[in-house]
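I opened my notebook for a friendly tour of this one. Here is what I looked up, entry by entry.

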Amino acid sequence: MPEISIPSASPELTGRALFPHRHLLSIADLKPWEIRFLLDEAEQWAKANRGNARKHDDRLAGMTQINAFFENSTRTLLSFEIAGKRLGADVVNMHAGQSSVKKGETLIDTAMTLNAMAADVIVIRHASSGAVALIADKVDCAVLNAGDGWHQHPTQALLDALTIRRRKGGFEGLIVAICGDILHSRVARSNMLSLAALGAQVRAVAPPTLMPSDVEMLGATPYTRMDEGLDGADVVMMLRLQNERMDGAFIPSPREYHMLYGLTPERLAIAKPDALVMHPGPMNRGVEISSNVADDPDRSAITEQVEMGVAVRMACLDVLTRRARGVEGWS
Amino acid sequence: MNIPANNRDSMGVSTLAIVNGMLADPAGAALTAGTILIEGDRIVAAGDVAVPQGAETVDAGGQVVAPGLVDLGVFATDKPAFHFGGITRAALMPDQSSPLDDVGLIRQAARAGKPDFWVHPIAAATRGLKGAELAEIGMMQAAGAKAVGTGRQWIADSGVMLRVLSYASGLGLTVITHAEDSGLAGKAVATSGETATRLGLSHAPACAEALAIARDIMLARETGAAMHFRLVTTGTGFDLIRAAKAEGLKITCGISPAYLFLNDQAVTDFRTFARLSPPLRSEEDRKAALEAVRDGTVDVITSSHDPRGPEDKRLPFADAAPGMAGAETLLALSLNLVRDGLVSINRLMTLLSANPARILDVNAGSFGAGSAADLIFVDPDAPWIVDSEKMAAQAGNTPFDRVPVQGRVRRIMKGGVFF
């Protein structure tokens, strides 16, 4: 297989300690330069993924990547699988339905089992906040958090940041409105931290019942009226509203939510004329976002987000295994 | 040293004198050098009293002598931990694997610690602690229950709670309640605030506590019942208690050291040892709790001892069981309140011994004539470091792991006998 030539390092590493983390568990663990470093690395992979018909790079050849998903996922799992395979890793997927793995001893036991199989990197998604850190504490290899409860989804934040940077050129002074179910969203939590760290002005736009307390402490300004939150925004990031929260528990109905918080072309007009529309997927068309907004190629970056997802995950897999691979300067 | 009680009995009633102690009398104002005279399992005199001729003497060597601690609201009968902590009696919460809603279970629980430790079971207020039907409170009282409790839960149905209070007051029993509005608290595992938001934990506003207290105070006013809020942890909660006391209602409240020395930031990094119920509160509420201890609003400090092994605690935060092993650290942590000048050591012993005994209506926790001869010898300055790996308790789930503390219990007397 051909080895794609990837420039070795981001300018972020110059004169600094190497990326010091064993795991990628939370954006909160990363300094701004570390986020930028991962974005720079991912940028290279984004170019390679677009430029080459044959996308293989075998730097992870012989390494085992286990994707342990304790919660259902299609796109994130696929994205991690593709990323690992493009790097030449042996990728194994483990689906554990929440029902069969509810007891915590089982979770710890599962971690020990994965560890005993000598995985080199484990990608974990779990429905409980903190569960990934719990497993990371028990294994010897790198752990990537692919989403834990309402807590964090760091690779999503990185791929969103990369998408924004490619479209908008940078973050300084950029107004990013994150809209929807902030309360239950790990995507929102990761994005608020990363975008604020990168210099953007972050707004959290949500119905009061779906706004967590003290969201300002995560670097975002809260807005409960969609129109005010969208006013002058450069980026509009919509969040998925889970079905079970739509029927009277947190909001009265999907149609009322659409009326008050749905992203329609009329409402998008309140944002800047070139405002970028993003959504982590999967979308509830007609609830949080109208189809004509989601499908507008001039405004929507939704498919580009998916594309950047693979690049970001390749970068994270590469960087987190460098020490184990004995990459020069990283051992 | 063991002094078997029957040796003394064989000579008629002989007297044991504890001399050369610094007495931390809950009824006193300061430590005073003095003597305690004991006959059988009862104290007969304490203070500046002469040692009768022929009395056996025990030299306390200048150590602090205090009543044994009476721990109002523990979840397990964990004798090694209680002995380490100087706790000689504990009121056992009805939340056992089989809820204490039955005469046989109460009788069994009351026997479990004897002779060197006494358990005072708290009768479940409702069958199965389900908050619906009255349990056989009167029969459980006859079997040894010393109070009635709602357990870990609030009774959401106000009609049921009204009947629990009026029925218990007819029997002269205090109702011990958990103050968290269940509709608001729901499945929350943390207090609303920055920490819960950062960690992505389900959270409820701290006013869940004040809401519950406000309703229960109204029901106490209606029924004239005596009610004890086992753990009050918020400033607004204490304000309500303060006002109810000023009004003359029979309301008392307690707290455990965790809420006095930790705030909700202790759960950062998903530390399940700091997952408690009610959850740890904001720094502002923690300071309000210290003030409530200082100004006398708090009546009781309890360990809320709830040892939990890894199967309950090595879990994702929301799945972990709430509770901490607190018996061993109860006295040492509480002594911080004395060192910080919030309360005298005598007042502290009122909170740890005399008041809980009074609420349970047991003749203990004081140096008064006729009080049970449950005593501890304490070195209040002895330094040690809490180590979750090396605890006497059934499990080491303490949020105070590696914290340096001061104060060790050197000897324990239960019912006139040293153990």
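**Entry 1: the sheet in chain B**

I began with a bridge: B:Gly254 has B:Val300 of β15(B) as its bridge partner. This is a predicted model, where local features need pLDDT of at least 70, side-chain atom pairs count only at pLDDT 80 or more, and totals for chains, interfaces and linings use all residues. For my own bookkeeping, residues are numbered from 1 along each chain as its sequence is written, chains are lettered from A and ligands numbered from 1 in the order in which they are written, and side-chain values use heavy atoms, with hydrogens and water left out.

Strand β14 (residues 251-255) of chain B pairs with β15(B) in the parallel sense, over two bridges. I take helices (H or I, at least four residues) and strands (E, at least two) as DSSP runs numbered from the N terminus, and I call two strands paired if DSSP finds at least two bridges between them. I then traced an open sheet of eight strands in chain B, in the order β6-β7-β8-β9-β10-β13-β14-β15, with parallel pairing. At its edges stand β6 (69-74) and β15 (300-301) of chain B, each with a single partner strand, so one side of each has no neighbour in the sheet.

**Entry 2: a crossover in chain A**

Next I turned to strand β3 (residues 121-126) of chain A, which runs parallel to β4(A) and is joined to it by five bridges. One bridge partner I noted is A:Leu144 in β4(A), facing A:Val123. From β3(A) the chain passes through helix α4 (residues 131-136) of chain A to β4(A), a right-handed β-α-β crossover. Right-handed here means that, with the strands pointing away from the viewer, the path from the first strand over the helix to the second runs clockwise.

How many of the residues of strand β4 (residues 142-148) of chain A are buried? I found seven of its seven residues buried, where buried means under 20% relative accessible area, exposed over 50% and partly exposed in between (1.4 Å probe, protein chains only).

**Entry 3: aromatic rings**

I paired rings of Phe, Tyr and Trp (its six-membered ring) if their centres lie within 6.5 Å, calling planes under 30 degrees apart stacked, over 60 edge-to-face and the rest tilted. That rule gives six aromatic pairs over all chains. A:Phe37 and A:Trp330 are stacked, because their ring centres are 6.3 Å apart and their planes at 25 degrees. A:Phe37 lies in helix α1 (residues 32-51) of chain A and A:Trp330 in the segment after α12 (322-325) of chain A, so this pair ties together parts 293 residues apart in sequence. A:Phe37 is buried at 0% relative accessibility, and A:Trp330 is buried at 5%. Ring pairs link A:Phe19, A:Phe37 and A:Trp330 into a cluster.

**Entry 4: helix α5(B)**

The expected span is 1.5 Å times one less than the number of residues.In α5(B), I found B:Val160, B:Met161, B:Val164, B:Leu165 and B:Ala168 buried. They cover an arc of only 135 degrees around the axis, which puts them on the same side of α5(B); the arc is that of the directions from the helix axis to the C-beta atoms.
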